[in-house]
Amino acid sequence: MVPSVFLDKQQLISQELEFDIYYNRISQHNLDDILEMAWSRGIREAKRIKHKNIKQLIREENIIVETDEKTYNLNYIIFSSYESKEKKITIYKKNIQNIFIPSIPDEYVLWRNYEKVIDLFLTHEYFHHLEANYIGVTSEIKKIQIKIGPFIVKRKLRSLSEIAAHAFVKEFYDIW
Ligand SMILES: [Zn+2]
C-alpha cells in the first residue's frame, strides 16, 4: 500500500475514508464540500509556515519528541502519534524503517531516508498539535451523518483530521 502522503489528492482522500470506521455508513449528501474544507485547512496552515523548519517549529512550541525503538506489530501499524495532554510526539522507528520506507513509490525515492522521512511524521503530528491548541480539530468542526440501522446520527469522521494533516504535509514539502 502506498502511504497516503505520496498519493494525489483524490486517491489520498479515498484511502483515508476507507480507513475510517464509519466508511460504509456515511450518509452525508454534501460530503465533497466537507472533504474540501478539511483539505483546504491543511493547505492553508502549511502556506502560512512552510518557510520555517519543522524541528524549529517543534522547539518553539516545546513539544516533546520521543522515539519508540521497540514497537513492531504488523496487526496494528502505527508510524507516529501526538498526545495533546503531554504535548508529545512519538515516532515508531521500527515500523517506519520496516514498513513505511519500503512502500515509498520510486518517484519519491529521495524520501527513502530515515532522517528525512522523520520530518514528514513530525510535520504531520505538528498539524495535530495546531488542531489541538490553535485552530480546532478538523473532524470536530463538522460532524457527518452516519446510518446506524434505521437511524441517521451525527458522528465525528476521524479521517477528516487525517486528510487535513496529509494535505498540510504535502503542501509543506511540495510533495506533488
Ligand atoms: Zn494523523
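Which strands does helix α4 lie across? In this predicted model, helix α4, formed by residues 93-100, lies across β1 and β3, and its direction is at about 45 degrees to that of β3.

- Three strands form an open sheet in the order β1-β3-β2, and their pairing is mixed.
- The edges are taken by β1 (64-68) and β2 (80-83); each has a single partner strand, so one side of each is left without a neighbour in the sheet.
- On average, neighbouring strands of this sheet are turned by 20 degrees against each other, direction ignored.
- β1 and β3 (residues 88-92) run parallel and are joined by five bridges.
- Glu66 has Thr90 of β3 standing opposite.

**A helix on the sheet**
- Helix α5, residues 114-135, packs on the sheet and touches β1, β2 and β3.
- The direction of α5 makes about 30 degrees with that of β2.

**The nonpolar core**
- The largest nonpolar core contains 30 residues.
- Residues with the most contacts inside this core are Ala38, Trp39, Phe127, Ile163, Ala164, Phe168 and Val169.
- At least two residues of the core come from each of α1 (9-19), α2 (31-49), β3, α5 and α7 (158-173).
- With eight residues, α7 gives the most to this core.
- Leaving aside residues up to four places away in sequence, Val169 touches Val5, Leu120, Thr123, His124 and Ile175.

Technical notes
Residues are numbered from 1 along each chain as its sequence is written. This is a predicted model: local features need pLDDT of at least 70, side-chain atom pairs count only at pLDDT 80 or more; totals for chains, interfaces and linings use all residues. Two strands pair if DSSP finds at least two bridges between them. Helices (H or I, at least four residues) and strands (E, at least two) are DSSP runs, numbered from the N terminus. Axes are lines fitted to C-alpha atoms, for helices over the stretch in contact, and angles run from 0 to 180 degrees between N-to-C directions. Two residues are in contact if their C-beta atoms, placed from the backbone, lie within 7 Å. A nonpolar core is a set of buried Ala, Val, Leu, Ile, Met, Phe, Trp, Tyr and Cys residues joined through C-beta atoms within 7 Å. A residue is buried if 20 or more other C-beta atoms lie within 10 Å of its own, exposed if 12 or fewer, and partly exposed in between; C-beta atoms are placed from the backbone.
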